[in-house]
Amino acid sequence: MIVLLGVVVVILGFVTRRNPVLVVGVAGVFTGLIGGMNPQQVLAAFGRSFADSRSVTVFAVVLPVIGLLERHGLREQAGRLIGRLGALSAGRFLAVYLLIRQVTAALGLTSICGPAQTVRPLVAPMAEAAAERSTGAALPERLREKVRSYSASADTVGLFFGEDCFIAIGSILLITGFVNSTYHQNLEPTQLALWAIPLAVCAFLVHGARLLLLDRQLQREMALAHAEHDLPLPQTTEQKATRQKATEEKGTDK
Amino acid sequence: MIKVEWLYWLVGLVFVVMAVQMAADRSNPRRWTSAAFWGLLGLTFPYGTGVANATAHNGGWTLPAEPLGVAVLALIVLAGLNLLGKGRPVTSTAEEREASATRLGGRIFVPALTIPLVAIVCASLLDTSGLFEKGRATLIGLGVGCLVALAVGMLVTGERKLSVPLHCGRSMLEAMGSALLLPQLLAVLGSIFALAGVGTQVGRIVHDVLPDNSKFLAVVAYCVGMFLFTVIMGNAFAAFPVMTAAIGWPVLIEQMHGHVPAVLAIGMLAGFSGTLCTPMAANFNIVPATLLELKDQYGPIKAQIPTALSLLACTTAIMALFAF
């Protein structure tokens with residue numbers, strides 16, 4: 001039971017927001033020592049498992065190619081591709097962006113889109129503009145926040161449930177590395193990536209549907225906001241007067 | 001025959017070359033420690049050949065594992081004390097990139113698409129040709145794909161110097177920092193947990209709670225366990241080795257004969273649903289809120305929770321229905 005303290009160290013480390021690399025290192029040494037290994041065995045365990053999990057870091061060979069393409073306008077071209085979708089409604093626009101994000105991530109292009117690269121400069125402003133165009137008025141602050149939050153969510157969901165269809169992504173390589181070295185298996189990344197496809201489809205259907213529903217929510221809430229604003233003025237002052245009267249009466253009762 | 005170890009040497013070489021570039025980059029305030037970190041990481045790749053389990057594949061060349069363990073701890077200290085710095089990114093101006101994007105149009109995507117295409121061809125068509133080490137065709141295909149894509153990319157963009165893509169890649173490396181190494185360190189932590197018996201302990205507790213031979217409840221325990229553990233730790237990579245050693249492997253695979261790739265791939269994705277719901281995964285959930293200047297920093301999480309719960313239900317259902 002005492003080895004479970006290793007898990008506690010990890011949780012405490014992450015909860016108190018320590019440097020994650022340091023958390024993992026300390027938890028590893030601590031768990032090894034309380035698990036009954038001597039320092040030399042701990043070192044050997046670190047070395048052996050580091051060697052066995054080298055495949056997880058192999059994706060770094062992709063960086064020069066992507067770096068070269070980014071230097072020559074890969075992100076700008078991706079931005080133009082997204083820019084052509086500007087005529088859609090907010091929900092439809094975000095659903096198409098979700099699809100683009102999933103498909104590009106599934107091809108290994110995880111870094112051409114993202115919160116800093118596309119969501120802030122392109123996706124969120126375009127979704128807001130689309131929402132304002134379809135409802136015909138400026139968005140109130142609360143709805144603006146909602147549209148922005150959904151823009152961020154389309155990016156994150158698309159990335160998470162797209163990237164696992166690509167073989168050279170950290171999570172797929174982590175599974176093969178861990179299982180092949182711990183249980184002496186011979187798993188291939190492609191087998192795992194295939195099983196990520198059904199969930200990629202589910203994610204697109206679920207989140208896509210929710211994005212389309214966002215359009216209706218926006219319409220409804222905008223209609224409500226309008227209704228509130230359009231109340232004839234005398235009635236509001238009258239209401240105010242009665243309300244004031246009521247509170248005054250309450251006050252005297254006290 | 002092309003061996004997977006050659007790919008590891010290539011990766012190590014890339015890191016070492018980039019470390020040399022870093023050491024020469026005076027715009028990086030921590031250039032020496034940065035170069036030491038990436039250079040040392042690069043050297044662990046060929047050294048690892050002698051340590052890895054697959055000694056039969058590398059001609060019986062063996063090296064002791066302890067020095068590599070010391071190197072890993074050194075990497076942890078360098079990254080853990082925030083000694084990694086960034087140089088001024090070697091890149092083009094916004095105008096140059098716009099002009100280049102206009103000139104190249106859709107062709108800019110061709111080299112990027114080459115990587116997965118070549119990898120898939122290697123994994124499917126060439127796997128049985130005997131050209132690649134058995135069971136490693138996909139990984140080797142990735143390496144081959146990158147080399148081909150680099151050549152195609154230089155042709156398409158008209159770049160002549162090989163140092164340019166290396167400098168661009170190095171800038172990305174510096175931007176990612178030690179986050180790049182985290183997955184591998186989490187895999188190491190997973191193995192140490194397994195060696196120390198953490199998974200078996202969690203498994204024993206789960207075993208006491210779970211009724212015997214209920215496949216569906218075991219699937220629920222694995223998926224929901226991955227989900228909750230990820231919410232707490234903010235990282236599915238850290239939850240995966242523990243939950244797999246506890247339930248995934250001993251119960252779902254050994255006891256109930258689940259299909260190995262299906263159980264593991266779907267289990268990882270159950271963890272990803274957890275990542276969508278937690279402020280602990282700051283880089284995915286809090287950073288976008290800050291970037292978008294939201295007043296409510298949990299806005300993106302609120303937008304994601306219904307999707308995450310639906311997908312958790314989907315992962316559980318798909319695993320229960322198709323993995324056995």
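**Exercise 1.** Classify Arg71(A) as buried, partly exposed or exposed from its relative accessibility.

*Solution.* The relative accessibility of Arg71(A) is 24%, which counts as partly exposed. The classes are buried under 20% relative accessible area, exposed over 50%, and partly exposed in between, with a 1.4 Å probe and protein chains only. This is a predicted model, in which local features need pLDDT of at least 70 and side-chain atom pairs count only at pLDDT 80 or more, while totals for chains, interfaces and linings use all residues. Residues are numbered from 1 along each chain as its sequence is written, chains are lettered from A and ligands numbered from 1 in the order in which they are written, and side-chain values use heavy atoms, with hydrogens and water left out.

**Exercise 2.** Which residue forms a salt bridge with Arg80(A), and how far apart are the closest N and O atoms?

*Solution.* 
1. Arg80(A) pairs with Glu98(B), and their closest N and O atoms are 2.6 Å apart.
2. Arg80(A) belongs to helix H5 (residues 74-83) of chain A and Glu98(B) to helix H4 (residues 94-104) of chain B, so this pair joins two chains.
3. Arg80(A) is partly exposed at 28% relative accessible area, and Glu98(B) is also partly exposed, at 37%.

**Exercise 3.** Describe the salt bridge of Asp25(B), then list the members of a network in chain A.

*Solution.* 
1. Asp25(B) forms a salt bridge with Arg170(B), the closest N and O atoms being 3.1 Å apart.
2. Asp25(B) lies in the loop between helix H1 (4-23) and helix H2 (31-51), and Arg170(B) in helix H7 of chain B, so the bridge ties together parts 145 residues apart in sequence.
3. Asp25(B) is buried at 11% relative accessible area, and Arg170(B) is buried at 3%.
4. In chain A, salt bridges with shared partners join Glu128(A), Glu132(A), Arg144(A) and Arg148(A) into one network.

**Exercise 4.** Is Gly73(A) buried or exposed, and which residues does it contact beyond its sequence neighbours?

*Solution.* 
1. Gly73(A) lies in the loop between H4 and H5 of chain A.
2. Its relative accessible area is 0%, so Gly73(A) is buried.
3. With neighbours within four places in sequence left aside, Gly73(A) is in contact (heavy atoms within 4.5 Å) with Arg97(B), Ala101(B) and Ile108(B).

**Exercise 5.** Examine the backbone angle phi at His184(A) and Glu293(B).

*Solution.* 
1. His184(A) is not a glycine, yet has a positive phi of about 50°. The residue lies in the loop between helix H9 (170-182) and helix H10 (189-230) of chain A, and counts as exposed at 61% relative accessibility.
2. Glu293(B), likewise a residue other than glycine, has a positive phi near 55°. Glu293(B) is in the loop between helix H13 (282-291) and helix H14 (299-322) of chain B, and counts as exposed at 54% relative accessibility.

**Exercise 6.** Summarise the two chains by secondary structure, extent and charge.

*Solution.* 
1. Chain A has eleven helices and zero strands. The radius of gyration of chain A is 27 Å, well over the 18 Å that the globule rule gives for 254 residues, so chain A is more spread out than a compact globule. The radius is taken over C-alpha atoms, and the rule is 2.2 Å times the number of residues to the power 0.38.
2. The C-alpha trace of chain A spans about 85 × 55 × 35 Å along its principal axes. Of its 254 residues, 54% are buried.
3. Chain B has 14 helices and zero strands. Its C-alpha trace spans about 65 × 60 × 45 Å along the principal axes, and 58% of its 324 residues are buried.
4. Lys and Arg count as positive and Asp and Glu as negative, without His and the chain ends; each charge is placed at NZ of Lys, CZ of Arg, CG of Asp or CD of Glu. Chain A has 24 positive and 19 negative side chains, with the centres of the two sets 4 Å apart. Chain B has 18 positive and 15 negative side chains, with the centres 7 Å apart.

Technical notes. Helices (H or I, at least four residues) and strands (E, at least two) are DSSP runs, numbered from the N terminus. A salt bridge is a side-chain nitrogen of Lys or Arg within 4 Å of a carboxyl oxygen of Asp or Glu.
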